[in-house]
Amino acid sequence: AIRKRLNLSQDRFAARFGLSAATVRDWEQKRRRPDRIALNLLKVIDHAPETVERALASPQRETAS
């Protein structure tokens, strides 16, 4: 439903949000269920897709531990 609301193909949705197209297909065809982490990501995508896209596109900063 999220992908359809965003008017994206499975391939474009997967690429935009760092998922594999096969995983998106499996979820939609009920062959697999998203795990807890994926469900959380999908919730954030549902509420703020542009923010997720920007966060995934921005270069990661190294942090010292």
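**A chat about the helices and loops**

Guide: Hi! Let's begin with lysine 30, which is exposed, with a relative accessible area of 74%. Bear in mind that this is a predicted model.

Visitor: Okay, where is lysine 30 found?

Guide: Lysine 30 lies in the loop between α3 and α4. Its phi is near 60°, a positive value in a residue other than glycine.

Visitor: And what about phi in general?

Guide: Most residues other than glycine have a negative phi.

Visitor: What is the phi of asparagine 7?

Guide: Asparagine 7 has a positive phi of about 55°, although it is not a glycine. You'll find asparagine 7 in the loop between α1 and α2.

Visitor: Is asparagine 7 buried or exposed?

Guide: Asparagine 7 counts as exposed because its relative accessibility is 69%, and the cut-off for exposed is over 50%.

Visitor: Switching to α4, which residues are buried there?

Guide: Ala38, Leu42 and Ile45 are buried in α4. They sit on the same side of α4 because they cover an arc of only 60° around the axis.

Visitor: Nice! What covers them?

Guide: The cover over the buried residues of α4 includes α1, α2, α3 and α5.

Visitor: Which exposed residues are on the face turned away from the buried side?

Guide: That face of α4 carries Arg36, Ile37, Lys43 and His47.

Visitor: How many residues are in the largest nonpolar core?

Guide: Twelve, including Phe13, Ala14, Trp27 and Leu42. The elements giving two or more residues to this core are α2, α3 and α4.

Visitor: What does alanine 14 touch?

Guide: Leaving aside neighbours within four places in sequence, alanine 14 is in contact with Leu19, Ser20, Ala21 and Val24.

Methods:
Residues are numbered from 1 along each chain as its sequence is written. This is a predicted model: local features need pLDDT of at least 70, side-chain atom pairs count only at pLDDT 80 or more; totals for chains, interfaces and linings use all residues. Side-chain values use heavy atoms; hydrogens and water are left out. A nonpolar core is a set of buried Ala, Val, Leu, Ile, Met, Phe, Trp, Tyr and Cys residues joined through side-chain atoms within 4.5 Å. Buried means under 20% relative accessible area, exposed over 50%, partly exposed in between (1.4 Å probe, protein chains only). Helices (H or I, at least four residues) and strands (E, at least two) are DSSP runs, numbered from the N terminus. Contact means heavy atoms within 4.5 Å. The arc is that of the directions from the helix axis to the C-beta atoms.
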